[in-house]
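Colleague: Hi! Could you walk me through this one?
Modeller: Happy to, here it comes.
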Amino acid sequence: IWWLDPELTYGNAKPFVFTQGHSVCNRSFFPCFDTPAVKCTYSATVKAPAGIQVLMSATQSTYLEEEGVYQFYMEYPVPAYLVALVAGDLIHADIGPRSRVWAEPCLLPTAISKLSGIVERWLTAAESLYGPYIWGRYDIVFLPPSFPIVAMENPCLTFIISSILESDEFLIIDVIHEVAHSWFGNAVTNATWEEMWLSEGLATYAQRRITTETYGAAFTCLETAFRLDALHRQMKLLGEDNPVSKLQVKLEPGVNPSNLMNLFTYEKGYCFVYYLSQLCGDPRHFDSFLRAYIEKYKFTSVVAQDLLDSFLNFFPELKEQCVESKAGLEFERWLNATGPPLAEPDLSQGSSLTRPVETLFKLWTTEPLDSVAAASSADLTKWRTFQTVLFLDRLLDGSPLPHEVIKKLSECYSSQLDSMNAEIRIRWLQIVVRNDYYPDLYKVRRFLENQMSRMYTIPLYEDLCTGTLKSFALEIFYQTQNQLHPNLRKTIQQILSQGLNPLPAIDTTAVTTDTPAMVLEDKVSEATNGAISLRDVNVSA
C-alpha cells in the first residue's frame with residue numbers, strides 16, 4: 001500500500017494512495033490466499049474523505065455521498081494479486097463506449113487527447129482474435145510517478161504511470177499489453193509464479209497480434225526487434241547459464257516471485273508462443289486455438305502442461321508428427337533450458353523501419369568516422385520513437401565510444417533529442433554519462449531535477465555511480481531527494497552507497513550546495529564499481 005503526500009502528486013493538492021498486489025504483496029492489504037492458483041469473487045467497503053475519489057478493480061461500484069462510503073463488487077473470480085485500490089484527486093472522461101480515463105485534473109486533457117477513441121479500436125481487434133471481452137468495462141487510471149512499474153493489468157481498471165503519457169508509442173504498446181492481459185493472465189492465469197510466462201509470454205504474443213491488426217506488421221516487427229535486443233543485452237549481463245533465463249523457473253523458499261520478473265518471462269515466453277503459432281502454418285489457426293483455450297480455462301489457473309496438451313489436442317496432425325519432440329526444439333527444452341530462445345521470429349517485414357537504424361549505427365561506428373555522411377543519412381525527427389531508441393540502445397551497448405564519435409554525435413543530435421520524449425532523452429543521457437561527455441552533463445542534471453519516477457532515475461544513477469561521476473550524482477540526489485518517494489529515495493541511496501558505508505539521511509535544508517561533493521571526497525575515493533543497470537525497457541506487469 002503506497003501512501004503519497006500531496007507533494008508527490010502532480011496537482012500537489014491532496015494525498016493519494018494506491019495498492020500494487022503483483023506478485024505477492026496483497027497479503028499486506030487484506031487476509032488472503034496470496035497465490036495465483038486460488039481465485040474468488042470479492043466485495044469491499046471503503047470510506048474516504050470528501051473530495052477523494054476511490055476506485056477498485058471491480059465490475060460494480062456505488063457511492064453513498066452522505067456517508068462518504070464506496071461499495072465495490074467483483075463478480076468474476078480473480079486471484080488475490082488482481083485486487084487493487086486507488087484513491088486521490090481523480091476525475092474522469094469517457095473515451096469510448098465502455099472505457100473512461102481517470103487522472104488528476106491537470107493531466108486529464110493530455111490523457112484524453114492520447115487515448116480518446118483508440119482504446120475501443122484495440123478492444124475490438126482483441127475480441128476479433130480471442131473472443132468476447134468478459135470484464136464489462138475497460139477503464140484506465142493514470143498514477144503519479146511514484147508508481148513502481150509502468151502498468152498493471154488490474155481487471156476493469158488498468159493502472160498506468162503518468163510519466164509514460166509523453167511517449168506515444170510506448171503508451172500504445174503498454175496499454176495494448178494490458179488489454180491483452182484481459183484474456184491472458186486475468187481470465188486464464190498461471191497457477192504458479194514459476195510459470196509466469198504463461199501470462200506474460202501469451203500476453204506479449206497477443207499484444208503483437210493486436211498491433212499487427214491495428215498498426216501493421218512493420219511497426220510490430222520494429223517493436224519486437226527493440227525488445228529482443230534488450231533480451232540479448234540482459235542475457236549478456238546475467239550469463240546464458242543463469243537459471244532465471246528458464247521459462248520454468250525454480251522458486252527457492254523465501255524468494256519474492258517479483259524478483260523473477262525479467263525479459264525472459266516476456267520475450268523468451270513470446271518466442272515459444274510464436275514458435276507454436278508457426279507450427280500451425282497460419283497465425284489465424286493459432287488464434288482459433290487460443291480462443292478455444294480461453295473458453296475452456298477462463299476463470300481458472302493453469303500450468304504449462306494444460307496449454308501444451310490443449311494445443312496438441314486441437315491440432316491432432318501436429319500431435320501425430322510428434323512436434324513436441326522435434327530435435328533441438330523439444331517443448332521440454334523450451335521450458336527448462338537456460339539461455340536464449342531456441343528460435344526467434346522472422347522480423348523481415350519490419351526491415352523498412354529497422355534497416356535505416358542499422359545503416360546509421362554502422363556509419364557512426366565504422367572507422368574512420370565519416371561524420372558528414374553519418375549526419376546526412378537520416379533525420380531522427382522523422383523517425384518513429386522505437387527506431388530512435390533502438391539506435392540509441394545500440395550506441396549504449398558500444399559505449400564508451402571514441403571521443404571524436406561522441407563529440408560529433410552531440411553536435412548532430414543533442415539539440416534535436418532535447419525536444420523528444422523521455423524514453424529517447426534518457427538513452428541519450430546514458431550515452432553522455434557512459435562516455436564522460438562533460439559538455440552535456442548539465443542536461444543530465446536538468447533531467448534528474450524534473451523526474452520522480454523509478455524508470456527515469458534509477459538507470460541514470462546506476463550509470464553515474466558505475467563511472468567517475470558519483471560526486472555529481474550525490475550532489476543531484478541531495479538537491480532532489482525531497483521530491484522522491486521514500487522507496488525510490490532508499491533505492492538511490494543504496495546505489496550511491498555501493499562499496500561504501502551506508503550514506504546517512506541528510507537534511508537538505510542544512511546542506512550547502514558544495515557540501516555533497518565535500519562529503520563524497522571523504523567517502524568515495526576507494527569506491528568499487530557499481531552494479532550494471534539491468535533496465536527492463538519499460539516492462540509492464
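Colleague: Which helix is Y266 found in?
Modeller: Y266 is found in helix α6, residues 263-279. Helices here are DSSP runs (H or I, at least four residues) and strands are too (E, at least two), all numbered from the N terminus. This is a predicted model: local features need pLDDT of at least 70, side-chain atom pairs count only at pLDDT 80 or more, and totals for chains, interfaces and linings use all residues. Residues are numbered from 1 along each chain as its sequence is written, and side-chain values use heavy atoms, leaving out hydrogens and water.
Colleague: Is Y266 buried or exposed?
Modeller: Y266 is buried, at 4% relative accessibility. Buried means under 20% relative accessible area, exposed over 50%, partly exposed in between (1.4 Å probe, protein chains only).
Colleague: Which residues does the UniProt "active site" annotation cover?
Modeller: The unreviewed UniProt entry puts it on E178 and Y266.
Colleague: New topic: what is the mean pLDDT of the chain?
Modeller: The mean is 92, and 92% of the residues reach 70 or more. pLDDT is the predictor's confidence in each residue, from 0 to 100.
Colleague: Where does pLDDT stay under 50?
Modeller: Over residues 501-541.

Methods:
Contact = heavy atoms within 4.5 Å. UniProt positions renumbered as here; feature names shortened; annotations may be inferred.
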